Amino acid sequence: MNARADGRHGWRHTRLAPRIVGISVVLLLLVQAVVFAIVRVGIERQAQAVIAKELATGERVWRRLLDQNAARLRQGAQLLASDYGFRTAVASADRETVLSALENHGERIGSVLTAFLDAEGRLVTRTDLPATALSPQQVDDRLQAVARSLAEQPQRPSVLALLDRVPYQFVLVPVRAPLVIGWVLMSFPIDQALADDMDQLFAVPLAVVGHGPGQEPAVVVSTGVARPPQRHAAIAALPLGVSPLTFDGERYLARAFALDTLHGEATTVLLRSVDEAMAPFWQLQWLLLVVAALGVALFAAINWAAMRRVTRPLRALTRAAQALERGEAAVALEGADRGDEVGALARGFETMRSSLARQQADIQRLAFEDPLTGLPNRARLRLALLQVLDGRSPSHPLTVLTLNLDRFKHINHVLGYAFGDTVLRAAAQRLRDVVDAPGALLARVGGDEFCVLVPGADADAAMALAERLAAAFQAPLVLDEQTVDLSAGMGVAVWPDDGADADTLLGRAEIAMRAAKARAEHCLRYDAALDAGSAQTLSLLSDLRQAVDRHELRLYLQPKIDVRTGAVVAAEALVRWHHPRRGLVPPMQFIPFAEQTGFVRALTRWMVEETARQWPGLQAASPGLRVAINLSTRDLMAPDLVEWLEAWQRRHGIGPAAVGLEITESAIMDDPQRAEATLNRLAAMGFRLSIDDFGTGYSSLAYLKRLPVQELKIDRSFVMGMERAADDAVIVRSTIDLAHNLGLSVVAEGVENAAILVALRDLGCDEAQGYHIARPMPVDDWAAWCRTWRSTGSPAAPPSGTVAA
Ligand code: C2E
Ligand code: CA
Ligand code: CA
């Protein structure tokens, strides 16, 4: 039970769709993130490569710019060197004129420092260098060193040299007349203007770092982002080559390269913002991110919808499985029409469910339905009765009517079981036709027993229904050219008077039915007097115990005559009870429970003793008369019966052949082995044994053949029905024939009219007993009756022997 509850718990909480969708979305996000990272790294690399290339180009442009500058300077210097006036001044060693020419000309072309050197390279004169920390001598020395360097490498158009940190471009041009008579040295500083030119031309911020020997590098010129002085230290510290740099959170790439310089070092640093270069990529990446997010959302939505399409039928299957678990297999499954695997699963499941439902229905049917008639069975009826009674108000009565077919066992036996089944089905149909009250339930509760439950019916309504049922059974049944007389005994128990609960009601309806059958009445309502277990019968039982001592029992006799001659040949001893208050109590009201309690043994012995007491008188009235005494099961089972009868017979000197013992089939069948042993001993002693009520029990003639009996008494219900129903006649006829074949004598009891007696004689029946001959009479009346009988003869079979029609 627990495990099952857990199982259900598990089903409810493990949702497939969110899990699968969640996992796939997370996977997708992961893939997106990796792609994003790869793209980002790629973009960064790409951007850096682009920047590095740009910076390399920048370097070339810068160098070109410097070269152009040098070329311009050179032209200017050559112009001066070829100037006639200047040459004349040089030739005449006019220092004043040379200096003024240097000043004028240098100023015109933008040379900051212009100098003249003699043919041997000695500085002759020069213009002043403004705002410098160098001494004039230092400047002179440097200029001479620069001139020497340029003169030594005539292929070099210009040379860079540092003067007080600032790099200067120098060009050296010879003055010829026509031999070289001196040199003009001109210079441009690499200054802010040049850097601004570069920035404008190429949009690359730059810085020039310079330092002489023993000096810390410092930024000399800077543009753009390199301009703010607080950044100069970082720029000045950069190594040669490409390196990253960050200013105020913005990333840059810097390319530092050295310019070939005398008197120190000059480095140019070009800068390019990485973030700026990547800005368009960033935008793209944001777009990519938005697209990816939209994609993931769309993917999740579609996935979710698809999963729901899969899991909805799965959930339906789960619900169906839970329903099956609870035993509900009635509702058909959805999703079986799908073409996919889920559909196949649903179809498989549906097949299983429907077969389960079918099995359940079959089980239900088998458990609650009688397969022969299709009527509800006893279990179903009992359940219905329990339900109807549950919480029922006593003002709404309810009736249970039990109906048992007469002689059905015999029909079965003589005409065959298949025929018996047909009879049952026909009987069920007749009952169905009559039982039409709303809410009424008709059930087959036993072999030949039916039961009707009629809610709302009181005793009167129940008896009316019983009458209608009896009327429906009136018409004989014609089946396979056989005519069967259908009759039945019915018993009624009404709620709440006759019983408070279902089982009591069913039991008491059956008691009433048994009583009705015993009295050959159509229907009886339950009465405590019918019930051996009721309080009323219990008090009757205590009365019965005293009946013997109080001499309230009487011996009655009913004659049996020879069918052919009409002579009285025997008498059946029947007990009567004269109750002081109730009057004459019929044997059927006390024999059954006397049998149940065992008191019947005392009763039988009283009957046997009383018979012996009357024996001489009876023998006198009818010489050779046989007297038959009824033995019950209890008598047969009493261990001392045989000894007791032997002693009785010896005590009274009665020959056992004159004493008949009537035993019913059912009494033998209670314990066949013991009964057989007892019967064998009684037969050995010479008693005449007779099977009573033949046809109402279950035994077959073949079985009875084994028993040491001499006589068979056909039950009065068959004999009484002989005229009306053909099947009763068939039964009587076949019984007589079979009994004769077995060497048994046949007695017919219940002969109520002359016609039956005639018919019995025609069938070869041996003896007859019945109201038509005489009712049971007090033993005192016997002699007188015998005399009358002998003088008038049998009404149907006069002693003369000729039979009147
Ligand atoms: P049973 O042994 O089958 O007795 C025959 C019954 O059929 C008697 O009923 C008798 O009155 C009745 N009967 C005879 N002819 C006819 C007839 O033409 N038409 C009708 N409708 N009935 C007829 P009774 O005397 O009421 O006894 C009923 C049953 O009580 C007996 O059936 C027997 O089973 C039992 N019984 C009676 N006396 C004794 C007895 O002393 N000892 C035992 N153990 N049982 C007895
Ligand atoms: Ca009898
Ligand atoms: Ca009988």
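**View 1. The shell of residues around ligand 1 in the predicted model.** Residues are numbered from 1 along each chain as its sequence is written, chains are lettered from A and ligands numbered from 1 in the order in which they are written. Because this is a predicted model, local features need pLDDT of at least 70 and side-chain atom pairs pLDDT 80 or more, whereas totals for chains, interfaces and linings use all residues; side-chain values use heavy atoms, with hydrogens and water left out. Ligand 1 is surrounded by 22 residues, a residue being near if one of its heavy atoms lies within 4 Å. The closest are Gln558, Val575, Arg576, Glu752 and Tyr771. At least two shell residues come from each of strand E20 (568-579), helix H17 (600-621), strand E24 (688-694) and helix H23 (716-721); helices (H or I, at least four residues) and strands (E, at least two) are DSSP runs, numbered from the N terminus.

**View 2. Polar contacts of ligand 1.** A polar contact is a pair of N or O atoms within 3.5 Å. Oxygen atoms of ligand 1 lie 2.9 Å from a polar side-chain atom of Arg576, 3.0 Å from an N or O atom in the side chain of Glu572 and 3.3 Å from a polar side-chain atom of Asp693. The protein covers 89% of the 790 Å² of accessible area that ligand 1 has on its own (Shrake-Rupley method, 1.4 Å probe).

**View 3. The five-stranded open sheet.** The strands follow the order E7-E6-E11-E9-E8 with antiparallel pairing, where two strands pair if DSSP finds at least two bridges between them. Strands E7 (218-222) and E8 (241-247) form the edges, each pairing on one side only. Eight bridges join E9 (residues 250-259) to E11 (residues 265-273), and Phe257 has Thr268 as its bridge partner in E11. Helix H8 (residues 274-325) lies across E9 and E11 at about 130 degrees to E9; axes are lines fitted to C-alpha atoms, for helices over the stretch in contact, and angles run from 0 to 180 degrees between N-to-C directions.

**View 4. The six-stranded open sheet.** Its order is E2-E1-E5-E4-E3-E10, and the pairing is mixed. Strands E2 (123-126) and E10 (261-262) each have a single partner strand, so one side of each is left without a neighbour in the sheet. Antiparallel strands E1 (residues 113-118) and E5 (residues 180-189) are joined by six bridges; Thr114 has Met186 as its bridge partner in E5.

Definitions and conventions: Polar contact = N/O pair within 3.5 Å; in protein donor to acceptor, adjacent residues only side chain to side chain. Contact = heavy atoms within 4.5 Å.
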